[in-house]
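Hi there,

Here is the structure I promised to pass on. Please have a look at it first, and then read my notes below.

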Amino acid sequence: NNWPSRGSINIQNITARYAIGLDPVLTNVSVKIRPGEKVGICGRTGSGKSSLTLTLLRMIDIIEGRIIIDGIDISKISVLTLRRRMSIIPQDPVLFCGTLRFNLDPEEKYGDQDLWNALEIAQLKDCVLEMDEQLDTIVTDGGDNISTGQRQLICLARAFLRKSRILIMDEATASVDFETDATLQAVIATAFSDKTVLTIAHRISTILDSDTVLVLSEGRVVEYGTPQKL
Ligand code: ATP
Ligand code: MG
């Protein structure tokens with residue numbers, strides 16, 4: 001099937017922790033996100049932003065509450081399916097050791113034309129055209145040939161190829177320069193305009209573009225509304 005086909009996310013009063021015996025990192029968090037909504041998530045370091053996005057992929061333990069995506073409780077969905085159907089761009093993406101082609105399309109489902117199209121969307125086409133081996137360029141995870149920002153853009157291209165309805169993006173904190181940040185935002189605004197996008201944002205400019213802003217503090221929601229209201 002094609003779940004999630006709309007991209008609505010209903011987080012109902014969740015409390016979550018990393019492991020048994022550890023304190024919860026999220027407490028009574030409720031958020032209702034409609035299909036296609038762009039949500040900016042902010043808050044100080046350690047406030048639970050990354051943890052909140054990890055709950056959507058069942059990467060941390062929900063001890064109370066539930067998350068409904070397009071009408072289905074995600075605890076009923078296999079972890080594998082869940083992680084295949086949603087795309088996450090982590091703070092510091094790790095690429096597979098292999099070609100750029102493999103990193104874009106690990107399941108070898110798409111043709112070169114699709115891959116180039118995705119690279120163009122992610123504003124990486126020119127940069128890849130300049131590489132001798134182009135799509136067959138080996139990306140090494142040390143990142144000596146690819147910056148963190150570019151790695152995030154590669155993940156974005158992959159998410160575009162997979163046509164994920166839900167995209168989660170954890171902006172890099174230290175490494176992202178203003179230009180890459182602007183590029184990422186521009187790609188999301190155009191190529192992902194009809195998709196649900198959760199962006200952990202570090203800049204006011206990113207937040208201003210969102211439909212809704214969620215502010216976390218010590219694992220709790222302290223503000224939730226339109227950027228104008230906050
Ligand atoms: P930053 O802006 O620095 O990325 P954040 O808002 O994303 O911060 P989280 O990474 O969600 O914050 O961390 C929330 C809390 O969870 C912190 O107290 C942190 O120490 C804890 N935490 C994060 N990752 C783990 C982990 N793998 N195991 C146990 N605790 C963790
Ligand atoms: Mg984080």
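Q123 counts as partly exposed because it has 18 C-beta neighbours inside 10 Å (buried means 20 or more other C-beta atoms within 10 Å of a residue's own, exposed means 12 or fewer, and partly exposed is in between, with C-beta atoms placed from the backbone). Its phi is positive, about 60 degrees, although Q123 is not a glycine. Q123 sits in the loop between helix 4 and helix 5 (125–129); helices here are DSSP runs of H or I with at least four residues, strands are runs of E with at least two, and both are numbered from the N terminus.

Before I go on, a word on the source: this is a predicted model, in which local features need pLDDT of at least 70 and side-chain atom pairs count only at pLDDT 80 or more, while totals for chains, interfaces and linings use all residues. Residues are numbered from 1 along each chain as its sequence is written, and chains are lettered from A and ligands numbered from 1 in the order in which they are written.

K163 also has a positive phi, near 55 degrees, and is a residue other than glycine. You will find K163 in the loop between helix 6 and strand 9 (166–170), and with 9 C-beta neighbours inside 10 Å it counts as exposed.

L104, in helix 3 (residues 100–104), is buried, with 25 other C-beta atoms within 10 Å. Leaving aside neighbours within four places in sequence, L104 is in contact with L115, A118, I154, A157, R158 and L161 (contact means that the C-beta atoms of two residues, placed from the backbone, lie within 7 Å).

Now to a helix pair. In helix 4 (residues 112–121), D114, A118, L119 and I121 meet A157, F160 and L161 in helix 6. By class, this contact has six nonpolar, no polar and one charged residues (Ala, Val, Leu, Ile, Met, Phe, Trp, Tyr, Cys and Pro are nonpolar, Asp, Glu, Lys and Arg charged, and the others, Gly among them, polar).

Two more items. Of the 12 residues around ligand 1, Y18, T45, K49, S50 and S51 come nearest (a residue is near a molecule if its C-beta atom, placed from the backbone, lies within 6 Å of it). By class, that shell has three nonpolar, eight polar and one charged residues. Finally, the peptide bond from W3 to P4 is cis, with omega near -10 degrees, and P4 lies in the segment before strand 1 (9–17).

Best wishes
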